[in-house]
Amino acid sequence: METPRPRRSCLAVPGSSLKMLDKARGLAADQVFLDLEDAVAPLAKPEARGNVVAALNEGSWDGKTRVVRVNDVTTPWAYRDVIEVVEGAGANLDCVMLPKVQSAEHVAWLDLTLTQIETAVGLPVGRIGIEAQIENARGLVNVDDIAAASPRLETIIFGPADFMASLNMRSLTVGALHPDYPGDPYHYILMRILVAARTRDLQAIDGPYLQIRDVDGFREVARRSAALGFDGKWVLHPGQIDAANATYAPAQADYDRAEQILDSYRHATSDAGGRVGAVMLGDEMIDEASRKMALVIAAKGRAAGLSRTPTVSP
Ligand code: GLV
Ligand code: MG
């Protein structure tokens with residue numbers, strides 16, 4: 001995809017709650033995902049499918065990326081989730097999120113099923129994207145193959161709660177550091193997912209922070225994955241949205257600096273600037289690699305709607 005969709009904040013909305021489905025429309029999240037999986041009790045799942053279809057088809061989602069999380073392929077619900085949602089609301093759906101992906105075959109199944117439904121109901125084939133959640137050890141071991149499994153893939157998502165259970169991690173607080181471990185217990189997993197995603201030009205998304213009243217705690221966890229390069233994080237409550245939007249956008253000063261590096265380097269390498277490949281910008285030496293780093297920050301800033309501070313000139 002040329003310009004990736006903004007996904008700084010990805011709001012989870014239980015498909016069983018009409019109230020929350022309705023409220024989500026007016027919130028400032030970049031993405032909403034209407035959940036049929038773990039936020040919906042087994043007995044409520046069939047009805048939730050109908051709620052989700054109606055919510056997608058009725059009313060506006062105001063430019064948000066519209067996603068439905070179906071149940072994973074090992075459950076009795078997965079195929080019917082995909083069929084009912086895509087047949088019922090495929091034209092108003094941007095991506096299907098597949099949880100607990102463990103191998104490339106899981107993604108291939110969803111890709112083929114989407115193609116069959118699109119063909120049957122006359123939707124453009126291949127428009128609906130896939131988001132894959134990595135939530136256990138096997139999924140992480142296979143993450144490179146998973147990231148390469150379909151041209152529909154847009155994101156690889158870390159699912160920390162299921163992952164902690166899968167590893168037998170001795171903690172119940174999702175995303176928090178552990179007092180007995182001197183580093184960040186999630187660092188390897190996050191980095192592994194990030195590298196696999198970037199190998200295929202996919203976005204990397206951090207999962208939920210369950211202490212929804214602790215916005216400072218959310219911010220602290222989000223800052224860690226944002227620092228690595230993650231594009232966004234799940235939000236479970238409206239109170240987490242502003243923190244996510246701010247954390248996954250560059251700071252204004254970094255954005256200004258990035259645009260300044262791009263301008264200065266463009267000038268330095270031009271005829272007018274003397275065709276120089278390495279120049280000083282203030283106290284910093286910049287070269288082609290600096291330009292590449294600046295492009296990343298500038299693109300994230302532009303996607304987040306930042307504009308350049310007028311006092312900063314090349
Ligand atoms: C999300 O699905 C998680 O398990 O953290
Ligand atoms: Mg999960």
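Strands S3 and S4 (residues 95-98) run parallel and are joined by three bridges. Strands and helices here are DSSP runs, numbered from the N terminus: strands are E, at least two residues, and helices are H or I, at least four. Two strands pair if DSSP finds at least two bridges between them. The model is predicted: local features need pLDDT of at least 70, side-chain atom pairs count only at pLDDT 80 or more, and totals for chains, interfaces and linings use all residues. Residues are numbered from 1 along each chain as its sequence is written, and side-chain values use heavy atoms, without hydrogens and water.

- Strand S3 covers residues 65-69, and five of its five residues are buried (under 20% relative accessible area; exposed is over 50%, partly exposed in between; 1.4 Å probe, protein chains only).
- Thr65, Val67 and Arg69 lie on one side of S3, Arg66 and Val68 on the other, and all are buried.

**Crossovers**
- S2, helix H2 (residues 45-57) and S3 form a right-handed β-α-β unit.
- S3, helix H3 (residues 78-89) and S4 form a right-handed β-α-β unit too.
- Right-handed means that, with the strands pointing away from the viewer, the path from the first strand over the helix to the second runs clockwise.

**Magnesium site**
- Glu135 (OE) and Asp162 (OD) coordinate the magnesium ion (ligand 2) at 2.1 Å.
- This pair is 27 residues apart: glutamate 135 is in the loop between strand S5 (129-134) and helix H5 (137-141), and aspartate 162 is in helix H7 (residues 160-167).
- Donors are N, O and S atoms within 2.8 Å of the metal (3.2 Å for Na, K and Ca); water is not among the atoms, so sites may look incomplete.
- Glutamate 135 is buried, at 3% relative accessible area.
- Aspartate 162 is partly exposed, at 24%.

**Cavity**
- A search of the whole structure finds one cavity of 30 Å³ or more.
- A cavity is a set of points, on a 1 Å grid over the protein atoms alone, where a 1.4 Å probe fits but cannot get out; lining residues have an atom within 4 Å of a point.
- The largest cavity has a volume of about 90 Å³, the space filled by probe spheres set on the points, which are joined across faces, edges and corners.
- Helix H9 (residues 215-228) gives the most to the lining, with three residues.
- Among the lining residues are Phe158, Asp184 and Lys233.

Key
Chains lettered and ligands numbered in written order. 1 Å grid on protein atoms, 1.4 Å probe; cavity = no way out; pocket = protein on both sides within 12 Å on 5 of 7 lines; lining within 4 Å.
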